[in-house]
Structure formats: C-alpha cells, structure tokens
Amino acid sequence: MCGIVGYVGFDPATPILLKGLEKLEYRGYDSAGVAVYDEKDGLRIEKAKGKLRVLCEKLHDGKDVNGTIGIGHTRWATHGAPSDINSHPQVSDHGKFAVVHNGIIENYLTLKEFLLGKGITFVSETDTEVIAQLLEYYYEGNIFSALVKVLQKLEGSYALGVICTDAPNELYAVRKDSPLIVGLGKGENFIASDVPAILSKTRDIYRLKDQEIVKLTRNQVEVLNMDGARIEKEKVHIDWDVNAAEKGGYEHFMFKEIMEQPKALRDTISPRLRDGRIVLDDITLTREQVEKIRRICVVACGSAYHVGMVAKYTLEKLTRIPVEAEVASELRYRDPIIDKSTLVIVVSQSGETADTLAALREAKKRGARVLSIVNVVGSSIANESDDVIYTWAGPEIAVATTKAYSTQLAVVYMIAIYLADLLGKLSPEEYENYIQCLQKLPEQVEDALKDKESIQYFASKYFNAKDIFFIGRNLDYALSMEGSLKLKEISYIHSEAYAAGELKHGTISLIENGTLVVALATIDSLFEKIMSNVKEVKARGAYVLGVTTREHTAIQSEADYAFYVPKTCEMMQPSLAVIPLQLFAYYVAAMKGCDIDKPRNLAKSVTVE
Ligand code: M6R
C-alpha cells in the first residue's frame, strides 16, 4: 500500500522520482506527489490527485522542477480521501521537513491533539502529517536525534522518506513493518518500497530491518540503530532481468503474467526435482519434527488464502494430518488453538501483507513452527519464518495475482508429497506418479493457454453480465473461489463462489433466466454430482459454462458451453483449470474497458490492517 521513492545524487531528481513511482504505482494509485529541494528554488512540493500520469503531465515529466535531492509517493488512501492536500509528501508547519510514508500511524489522533495544543496548524486529514509536524517540533539542529524522538512516539507501521531544508544533501529513511530498500549507486543513492523502482539505476541494494535508520548522501549510505551505532549491512545484488518488471509488448501486466505461468512453474518446480525425488533444501524440518505435527494451519489473505483451501484438501488427503485454512485477518483476533505441535504454513506473494504477518507472529508466540511460501525474497514474512520456500514467479506487477497463485499451488503440491513421503504414506508408484505430474505441469499449462481465443469469444458474449456464479466441489470449490475473486476484482461484475451442493440451501433463489453459472467439474469421482447441480440451475434458467478435463465430453449434453483443460492427477487439476478462469476474467475486464492492472480501490501489497 503506497509506494515511496527517494533520490540523492547529481542528476535532476524529479524525473528519476517519477520514473521510480511509475514502477511502484501497483502499490497505490489514487494520488501522487514529490518534494524536491533546490538551492535556488528551495523546497518544492508538487502533488496531484489521480493516477501518476496526472502529476507527470503537470510537471512535464519532471522537467519543470529543479533539484538533485527529493522524495516521491504514490498513494492508496487510508486517512483522508484522495485529494491534492492529502497526497504525500506531507510538510511541517514551517516547511522545514517533508515526509513520505507507507503504513498507518495508529496513535496519530493522540499525537495530533498534542501538537494542536502546542499551536501547530494541520492542513490534511492524514496520519502522515503528524510525523512531519513532530519532526519539526522535536528538531534542535540534529535530524537524526529528532527522528529517533519521533519514532519513539509512533505506534503502527511505517516506511518513511524524509528531507529537511537545513540539510539539503541528506536523505533519511526508516521502516517498521512496511517494506523499504536502499539502492546503492555511484555518486547517487536511492530508497524505494520495492526493487523495480530503482532497477534501471542500480542492482545493489540493502534490505532494511525494522527501525534501522539510514542517512543517504550522494556518496555515502550510513545505516544506524536507534542509539546511533553503525550497522554493517550485507549488500544484496539483484540479478533479475529488467524486462521481468516491464510489459514487454503486452497491453497489460496481467496478461503477460498469465502467459508467463509455464516459465514460472518450471523455475519453481525444476530446481526442487532431483533424480525423481522432491528435494526441499529450503526447509530444515526433520522426520522427527514432522512426526510430531498434530495439526497444520494454513494462513493467508485473498488469492493466497484460496491456495490455502487447495492446501487443506491436498495436505489432508496425502498426510492424513488435520488441516485448517484460515484468512489471516480472522485468525489473529480469535484465540486459535495453535501450539508447538502445529505447523503453520503462511502463503504470501508480497511477503508483506499486514494481516498475514500479524498472524505469523501470533502463531510463533504460541510456539508453532512457521513454514512460509513467499515470492518476494527477503520480505518480512520470509525473514520471520522458520523455513521459507520461495516461489520463483519473478516480479508480479498486476494487482490481480496469476503466476504467483500458480506457483504457490505448485509449492503446496511439493510440500504435500514431501511430508506424506516422510510419513511413509505414499507407495513408490504413487510417489512416482506425482513426480511425473509435477514434471508435466508447466507444459500442460502451456497447452491450456493455447485455448485463449475460445475463452475470448465466450467473454465477448458475457462481458455485460450483472452476476456470475462459480460452483464446484472439493478442490473445484477452492478454485471457484479464485475464479470468482479474479473476475470481480478486475471487471467489477458481482460474483459469488459456492460449494455446488450448498446452492440449494439459499443462493439458488438468485438464479434467473440467463444468469451465468460457471460449473467446475474436473474431479472424476464428483463429475456426476456436479452435473446434477448443473441440471438444478439450468432448470431455473441459468446459462452454464462447464470447465472440465478433455475426456469429459459428456459435459456437452448438460452445459451450454464448455472449456476443456488437459488432465493431470486430481490433486494438481486446479493448476490447469485456473487458466480459463484467469483468461475469462481478463478478457471480460478488457472488453469492459477496465483498468486491469490497477483495479479501483485496490493495491498490490496490502501493508495495512
Ligand atoms: O501478497 P499476498 O499474497 O499476501 O497478498 C494477498 C492478497 O492481498 C492477494 O492475493 C489479493 O487477493 C490479490 N489481489 C488477488 O488477485
């Protein structure tokens, strides 16, 4: 949520900040702003409500603002509606400090009252303004000391970029529970919420830990703890292909990322398959520890939670250990039965989702071992877990997840097979069969993607639908949840996912003549059952799109239209059946003219509660 970027160097700062923000816009896009200092012009603040392009147009891509040091921000509003005033940077009363912030200051009202009592004037409704005002209030000529005093007062989460008119060559930054990296250049240095923002400038970075304070000048980066002692940081070299974070000729990141799924799956699966065995070097769980696991709890949000639902069916079936999947925002506020005999599996693309991180911490407090499935290397969730398995999906930019979801599923299958094998629950034949299915998966996904034109055609008939229902049983129910979320998230069409057998307990009353029902029927043993549910909705006027495997041509006599996907073992079928659902959502949203990569009200990385 919100993207921040900062620059200090010899080049004009504004174009660099705007280019950086462009790469961070996926984090928030309701307004944007920059603060740039120039000896002649002083501190210039430029902000604009709306997408970043509004600000870029206003500033002629930065050519209009002089200065070689500055901070920038792209916002996802929490405190105060999107507006020029509420956009960041926020500035202190006498214009000495400018601050950009990602996160939420939970005690901002108390702090604001305190400052109002001192006669300080506020202009915005944001929590961030409190930080700028506090800095000026505590400042006695030493920026570092003022920053420490302010941080001691703040409750909540933050990644901050700060500049001060008294030190026109210094940029300060600090984080707590919100991501922030430092980019190390030659004669220039950077801060950013995420790597793509600085990738065209440098590949050497520091990943900051909570409450490490950084002072950046053109030629030096000092990382200090709250006592002012220097911290030696390990330089991390980023070896991504720059194109990974570019659209590469595609109209939307989402479509590019859908098409990248075979590669993402190969990169995630291949290094972990050696001589016909799954090798999870990433995890240190021993057989003895696995034998002591009495419960598995999968915790995540959104699509990652839908992966958790697949994990519940899969892990339970293979390991016979009871598995629960729970949304992180619920788990953290009840009294969950989690102890040292529980394995908690945390799933997150960004590794920064606030609710998921809080649930992880709660689980650790209760003594559980935490294994996380994460895409962003070095993220908070990865850092705080006992074991991490990375999904090598590469940077995912579109707000709607596709390739991260698919690689998370692949990791879930590998964990299930690995644990079941350790527990002696699989015959050699079963094990071998699963390995073969895993090996074939990327190629089968490629195959499923070839059918895109027929999905595009179907989308052209239904892009004006008002309501769309997704139904399925077992793994297909877990997948219905994902298909429905994908569609509503980017096309704004109302949609619900239902366990197919549950429809007749209420929801079937919503089915009218022509209502589109997407029926997932990829599980052989449940095919007839789901066909009965198809009959039920058709009898009430529904138009049914069936999604099944290629041998179930019998679906044609029940459904009005069918998509077929290649066949794999039951457990891995969601990886293939999700492809038409992703494509359907994409084409519907494209035909409606929606802003696919940046759907309204959303952001890629949800670092607030
Ligand atoms: O970064 P995370 O995987 O923790 O994010 C979790 C959800 O916010 C995310 O999956 C969200 O639901 C996606 N926009 C769905 O496409």
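Where is histidine 60 found? In this predicted model, histidine 60 is in the loop between helix H2 (52–58) and strand S4, and its phi is near 50 degrees, a positive value in a residue other than glycine. With a relative accessible area of 46%, histidine 60 is partly exposed.

## Backbone features in loops

Aspartate 275 also has a positive phi, of about 50 degrees, although it is not a glycine. Its place is the loop between strand S15 (273–274) and strand S16 (277–278), and at 80% relative accessibility aspartate 275 counts as exposed, the cut-off for that class being over 50%. Another loop, between strand S4 (69–75) and strand S5 (90–91), holds proline 89, and the peptide bond that leads from histidine 88 to proline 89 is cis, with omega near 0 degrees.

## Strand S7 and its partners

Strand S7 (residues 156–164) is mostly covered, since nine of its nine residues are buried. Gly156, Tyr158, Leu160, Val162 and Cys164 point one way from S7, while Ser157, Ala159, Gly161 and Ile163 point the other way, and all are buried. S7 pairs with S6 in the antiparallel sense over nine bridges, an arrangement in which phenylalanine 97 stands opposite cysteine 164 in S7. S7 also pairs with strand S8 (residues 171–176), again in the antiparallel sense, over five bridges; here glycine 161 stands opposite alanine 173 in S8. S7 and S8 form a hairpin, with six residues between them.

## Aromatic rings and charges

A pair of aromatic rings is described by the distance of the centres and the angle of the planes. The count in this model comes to 17 aromatic pairs. One of them joins phenylalanine 97 and tyrosine 139 in an edge-to-face pair, with 5.3 Å from centre to centre and 80 degrees between the planes. This pair links distant parts of the chain, 42 residues apart, with phenylalanine 97 in strand S6 (residues 97–105) and tyrosine 139 in the loop between helix H4 (128–138) and helix H5 (143–153). Both phenylalanine 97 and tyrosine 139 are buried.

The rings of tyrosine 137 and tyrosine 138 have their centres 5.1 Å apart and their planes at 80 degrees, so this pair is edge-to-face as well. Tyrosine 137 counts as partly exposed at 33% relative accessibility, whereas tyrosine 138 is buried, with a relative accessible area of 16%.

Elsewhere, Tyr457, Phe458, Tyr462, Tyr543, Tyr561, Phe563 and Phe584 form one aromatic cluster.

| Arginine | Ring | Distance from the ring centre |
|---|---|---|
| Arginine 218 | Phenylalanine 10 | 4.2 Å |
| Arginine 600 | Tyrosine 492 | 3.8 Å |

## Strand S20 and its neighbours

Five of the six residues of strand S20 (residues 369–374) are buried, so S20 is largely enclosed by the rest of the structure. Strand S19 (residues 342–348) runs parallel to S20 and is joined to it by six bridges, with leucine 343 standing opposite arginine 369 in S20. Together with helix H11 (residues 354–365), S19 and S20 make a right-handed β-α-β unit. S20 also pairs with strand S21 (residues 387–390), in the parallel sense, over four bridges, and there valine 374 stands opposite tyrosine 390 in S21.

Strands of a sheet pair through backbone hydrogen bonds, either parallel or antiparallel. An open sheet of five strands, with parallel pairing, has the order S23-S22-S24-S25-S26. Strand S23 (494–499) and strand S26 (561–565) stand at the edges, each with a single partner strand, so one side of each is left without a neighbour in the sheet. On average, and with direction ignored, neighbouring strands of this sheet are turned by 20 degrees against each other.

Within the sheet, strand S24 (residues 516–521) and strand S25 (residues 543–549) run parallel and are joined by six bridges, and leucine 520 stands opposite valine 547 in S25. Helix H16 (residues 475–491) lies across strand S22 (467–472), S23 and S24, running at about 175 degrees to S23. Helix H18 (residues 573–591) also packs on the sheet, where it touches S22, S24, S25 and S26, and the direction of H18 makes about 135 degrees with that of S26.

Definitions and conventions
Residues numbered from 1 in each chain as written. Predicted model: local features only at pLDDT ≥ 70, side-chain atom pairs only at ≥ 80, totals over all residues. Heavy atoms only, no water. Buried < 20%, exposed > 50% of the residue type's maximum accessible area, 1.4 Å probe, protein only. Helix = DSSP H or I, 4+ residues; strand = E, 2+ residues; numbered from the N terminus. Pairing = 2+ DSSP bridges. Right-handed = clockwise from strand over helix to strand, strands pointing away. Phe/Tyr/Trp six-rings, centres within 6.5 Å; stacked < 30°, edge-to-face > 60°. Lys NZ or Arg CZ within 6 Å of the ring centre and 35° of its normal. Axes fitted to C-alpha atoms, helices over the stretch in contact; angles between N-to-C directions. Contact = heavy atoms within 4.5 Å.
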